[in-house]
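Work through the exercises below with the sequence and the coordinates side by side, and try each task before reading its solution.

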Amino acid sequence: MRQIIIAGNWKMNKGLFETEQFCKELVQFATTHHEERVRMIIAPAFPFLKIASTLLLGQPVGISAQDVSSHEDGAFTGEISASMLSSLEMQFCIIGHSERRQYHQESDTGVRDKQLILREYGIKPILCIGETLAQRDAGETSAVLISQLEGCFKDVPLESGEEVIVAYEPVWAIGTGRTASPAQAQEAHALIRNWFEENYNPEIAAAIHILYGGSVKPDNIVELLSCPDIDGGLIGGAALKLESYVQMVQSATKLIQSR
Ligand code: PGA
């Protein structure tokens, strides 16, 4: 049975002080959160992963990195390896975010390599795909998503579907305030789930979590999460403030308990 995952992608925001403050306040909420079907994840910047996991130790909040090197170790100045993240006991790592693809020329092949190395170290990838506005306007959304899935999962084994989380993030909806309508998002999510059914099997397709990302906020999260194939959100701006992050977790909790 799939959970609802509310993942906050902090991007390049929050220094040490803000990270500590958020985590300390989140602990207060987390101790009151007993709904196991709603999973919290936060993704602080690299330097603050350790302090975040220390402050949230024992709480039902997963910690995620925002990227990883596809290399094992060695002369890669500025890079962070999967073994380093594993030594911090990281549980999750975002890969293939559209900002990485856009500003750092990341390819599907590179994202595939990152997926494999993370899994080798027992870290669950949150693997992002999504089309640009030009691609959507040209009617290429399905073709783009399928080609990204083919590249990111080429010869990648899956046994249960629990090994990876997929995040569908239409590039035109990220940080723009323009959310995909629930119908648009559901259509893409159904296509992604169907791809796993065709390329793996129905059990894996039913088990894999597919998050939606792109201007998710307290105002629109319920209608998005009400779609059958949307299993949570990968949330940037609206996850930076504790109040709105908590509000979204509470909405998800209410929704799942009403099902
Ligand atoms: P946003 O970012 O919620 O600010 O649109 C989402 C993301 O990029 O993961």
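**Exercise 1: the largest pocket**

The largest pocket has a volume of about 460 Å³. Task: state which residues lie nearest the centre of the largest pocket, and which helix gives the most to its lining.

Solution. Begin with the ground rules: this is a predicted model, in which local features need pLDDT of at least 70 and side-chain atom pairs count only at pLDDT 80 or more, while totals for chains, interfaces and linings use all residues. Residues are numbered from 1 along each chain as its sequence is written, and side-chain values use heavy atoms, with hydrogens and water left out.

On a 1 Å grid over the protein atoms alone, a pocket is an open set of points where a 1.4 Å probe fits, with protein on both sides within 12 Å along at least five of seven lines, and lining residues have an atom within 4 Å of a point. Grid points are joined across faces, edges and corners, and the volume is the space filled by probe spheres set on the points.

Then read off the lining: it consists of 18 residues, and Phe46, Gln66, Asp67, Arg100 and His104 are those nearest the centre. Helix α4 (residues 98-103) contributes the most, with three residues; helices (H or I, at least four residues) and strands (E, at least two) are DSSP runs, numbered from the N terminus. Sorted by class, the lining holds seven nonpolar, six polar and five charged residues, where Ala, Val, Leu, Ile, Met, Phe, Trp, Tyr, Cys and Pro count as nonpolar, Asp, Glu, Lys and Arg as charged, and the others, Gly among them, as polar.

**Exercise 2: the cysteines**

Task: determine how many disulfides the whole structure contains.

Solution. A disulfide is a covalent bond between the sulfur atoms of two cysteines, and the criterion applied is a pair of cysteine sulfur atoms within 2.5 Å. A search of the whole structure by this criterion returns zero disulfides. For Cys93, which is in no disulfide, the nearest cysteine sulfur belongs to Cys128 and is 9.8 Å away.

**Exercise 3: the faces of helix α1**

Task: explain why the buried residues of α1 are said to line one face of the helix.

Solution. Helix α1 (residues 16-30) has 15 residues and spans 20 Å from its first C-alpha to its last, close to the 21 Å expected at 1.5 Å a residue, the expected span being 1.5 Å times one less than the number of residues. Its buried residues are Thr19, Phe22, Cys23, Leu26, Phe29 and Ala30. Seen down the axis of α1, these residues fall within an arc of 115°, so they line one face; the arc is that of the directions from the helix axis to the C-beta atoms. The face turned away from this buried side carries the exposed residues Phe17 and Gln28.

Terms used: Buried means under 20% relative accessible area, exposed over 50%, partly exposed in between (1.4 Å probe, protein chains only).
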